Amino acid sequence: MSEYVDPALSDEAVEAEQGLGGKDDPGHDDAGYEPYGASPYTIVQHNLDGSTDMVVDRDGDGVADLVMHDADSDGIAEIALVDSTGDGRLDTMLRDFDGDGRVDEIHTDTNADGRVDVVSTDTDGDGLIDHVAADTNYDGQVDTWTRDTNFDGRADEVRVDLTGDGVADQVLRDTDHDGVPDSVTYLNPEINPYAAR
């Protein structure tokens, strides 16, 4: 973010070729590279602690569409809050824990109630999401976990909490990725319809 020009200091809008990443960013010097729709409605704040914050209002309606925090002002934001639906609410948080410029974790509020419903994580740092935890019934508690156990970019295991106690009761595995479970394992014998009673 340190590469952005503060529009208040210039008569010109933020140039499109100013990338979000550092000098090694592949789109850094490319004309037409517009990170998140670079906008003349951008506020850049350099803080006394060495961090930089940037607020972008892409359509000039007075509501932020993107807010980024660069803790060390190296040009790579560690946290970005995004209005992914264009409804005027920041509903998605992107996190880069290791400062490599790639998203490591995504927090999403899918139903606009102000609470995170889905957390998607790249646990091995390969740039692909391999673990998703979701609150599918919006009660504030995670009830579904999806994993890519062989790290090939496709989910092959789903764990489901059917009793609402926060612990998975059922595991569904789809090893051939055809959308149909190849195996179903009941971790909770009380919900297993095949268990002897």
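So, Arg147 and Glu157: their side chains meet in a salt bridge, 3.2 Å from N to O. That pair links distant parts of the chain, with Arg147 in strand E9, residues 144-147, and Glu157 in strand E10, residues 157-160, 10 residues apart. Keep in mind that this is a predicted model.

Okay, how many salt bridges do we get in total? The count comes to six. Let me show you a couple of others. Arg154 pairs with Asp152, and the closest N and O atoms there are 3.4 Å apart. Arg154 is partly exposed at 45% relative accessibility, and Asp152 is partly exposed too, at 33%.

Arg115 comes out partly exposed at 40%, and Asp113 is partly exposed at 34%.

Most residues other than glycine have a negative phi. Which residues here go positive without being glycine? Ser73 does, with a phi of about 55°, and His177 does, with about 60°.

Where do they sit? Ser73 is in the loop between strand E3 (66-70) and strand E4 (79-82). His177 is in the loop between strand E11 (170-173) and strand E12 (183-186). As for accessibility, Ser73 is partly exposed at 23%, and His177 is partly exposed at 21%; the cut-off for buried is under 20%.

Terms used
Residues numbered from 1 in each chain as written. Predicted model: local features only at pLDDT ≥ 70, side-chain atom pairs only at ≥ 80, totals over all residues. Heavy atoms only, no water. Helix = DSSP H or I, 4+ residues; strand = E, 2+ residues; numbered from the N terminus. Buried < 20%, exposed > 50% of the residue type's maximum accessible area, 1.4 Å probe, protein only. Salt bridge = Lys/Arg side-chain N within 4 Å of Asp/Glu carboxyl O.
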